[in-house]
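Have a look at the model first, then read on.

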Amino acid sequence: MSKKALVTGGCGFIGSNLAIKLVEQGWSVDVVDDLSSGDLDALKNLDIRTVTPELLIQYEESGIIEDKTLVITGDFASPYVLSRIADKRYDYVFHLAALPRVQFSVENPVLTTDQNVMKTVSLMTACIENVDRFIFSSSSSVYGDVSDNFPSRESGNYEPASPYALQKLVVENFCQLFFKLYKLESVCLRYFNVFGPGQPGDSPYSTAVSAWLDKIATNQPLRSDGDGEQTRDIVYIDDVVDANIRAAESPKTMSGNTYNVGTGATYSNNEILGLLKNKFGDLEINHAPERPGDVKHTKANIAKIFEDLGWKPKWDFVSGLNETIKWWGLKENS
Ligand SMILES: NC(=O)c1ccc[n+]([C@@H]2O[C@H](COP(=O)([O-])OP(=O)(O)OC[C@H]3O[C@@H](n4cnc5c(N)ncnc54)[C@H](O)[C@@H]3O)[C@@H](O)[C@H]2O)c1
């Protein structure tokens, strides 16, 4: 029998790629997304049926059986969605839905705590005794700018520097607590900077790669902040999807285990700009001041995820960049 999954935030960048891969692998997948930043177009490769949460009961009672991916267009914490989980319809819940913008969380600590923590705890509560595992999309932002944990290890020091980062950490703590209290199995994946095809270039959460490819596609100058020497551990989307599936399928007991999902390698903004100049010729760069609060360097230690899940990145940065450029439909200078 095929494995059944609910993917929250499945119309977003990472969630849509995950949902598509799961379907390709024969899983039965439902998506829930309120389309606040996601787009149904991200699932255009799938045959989908959209239903609002309020119409779910009618849809279920209609007895329609179809080989389509159900996309629930609403809040992941809606009582209709939670009751589907309570009905044991899913083996796995992949929780990607979030308000994932650091600056927005600084400006809206209450709203983002409600979405990213309170609703997530409701979702997890529905999962107790009803799903095999809850897989949570956490973030490397939990580490903040600590100097004594670099490259960052999961067991090392951390210092969240925004409500968003703290919200991720709090949910990780709930994951560990819910295992102790209720035996809910869960895994927390701390993604570093994720990039690849499908990532919009104009969202506040875009990586430099997508933002710059967007500018190249629209013939606009590229913005570079500070001295450009800030470095990032940038991980390709397919590897992040693979980490999610391994986290779900691992035979190990998962008691809220946290894993870094990065590469262990870094690129500076100047290095990325150099690669783009090699491909597209001279580019107009607008230099902007360093952004306050920006972490200078990120880098993952990925020993733990390799040891426990056998995961390591299959994509190097340059190959991922080439795929992403293709997706943007950009022609390189020959
Ligand atoms: N992209 C990255 O580099 C990165 C890095 C670290 C962590 N993450 C985490 O990974 C997850 C996915 O990130 P992404 O880049 O795909 O973001 P995204 O914004 O593309 O996707 C998030 C999706 O969640 C949906 N959503 C938001 N609130 C919702 C709600 N209440 N109910 C239903 N749907 C809702 C949005 O419409 C969107 O489609 C997030 O939890 C994010 O914090 C991403």
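Ten residue pairs, both members at pLDDT 80 or more, are in polar contact between domain 1 and domain 2. A polar contact here is a pair of N or O atoms within 3.5 Å; within protein, one must be able to donate a hydrogen and the other to accept it, and residues adjacent in sequence count only if both atoms are side-chain atoms. Keep in mind that this is a predicted model: local features need pLDDT of at least 70, side-chain atom pairs count only at pLDDT 80 or more, and totals for chains, interfaces and linings use all residues. Residues are numbered from 1 along each chain as its sequence is written, and side-chain values use heavy atoms, with hydrogens and water left out.

- On the side of domain 1 that touches domain 2, the elements giving two or more residues are helix H1 (13-24), strand E8 (193-195), strand E11 (234-236), helix H8 (237-249) and strand E12 (255-261). Helices (H or I, at least four residues) and strands (E, at least two) are DSSP runs, numbered from the N terminus.
- H8 gives the most to that side of domain 1, with seven residues.
- By type, the residues on that side divide into 16 nonpolar, eight polar and seven charged. Ala, Val, Leu, Ile, Met, Phe, Trp, Tyr, Cys and Pro count as nonpolar, Asp, Glu, Lys and Arg as charged, and the others, Gly among them, as polar.

**Domain layout and buried area**

- Domain 1 covers 4-194 + 234-261, while domain 2 covers 196-233 + 265-300 + 308-327; such bounds come from an automatic or database domain assignment.
- The contact (heavy atoms within 4.5 Å) draws 31 residues from domain 1 and 30 residues from domain 2.
- Taken over C-alpha atoms, the domain centres are 25 Å apart.
- About 2,700 Å² is buried between the two domains, 63% of it on carbon and sulfur atoms. Buried area is the accessible area (1.4 Å probe) that two parts lose on being put together, summed over both.
- Ile234, Tyr236 and Asp239 of domain 1 lose the most area to domain 2, together 27% of what that side buries.

**Salt bridges**

- The structure holds 14 salt bridges, each a side-chain nitrogen of Lys or Arg within 4 Å of a carboxyl oxygen of Asp or Glu.
- Lys3 pairs with Glu249, with the closest N and O atoms 2.5 Å apart. That pair links distant parts of the chain, 246 residues apart: Lys3 is in the segment before strand E1 (4-8), and Glu249 is in helix H8.
- One salt bridge is counted between domain 1 and domain 2.
- Lys314 and Asp242 also form a salt bridge, their closest N and O atoms being 3.1 Å apart.

**Around the ligand**

- There are 29 residues around the ligand, and Ile14, Asp33, Leu96, Gln115 and Tyr164 come nearest; a residue is near if one of its heavy atoms lies within 4 Å.
- Asp33 puts a polar side-chain atom 2.6 Å from an oxygen atom of the ligand.

- The Phe150 to Pro151 peptide bond is cis, with omega near -10 degrees, and Pro151 lies in the loop between strand E6 (133-139) and helix H6 (163-182).
- Lys88, in the loop between helix H3 (79-86) and strand E5 (92-95), has a positive phi near 60 degrees.
- Glu129 has a positive phi near 65 degrees and is found in the loop between helix H5 (109-127) and E6.
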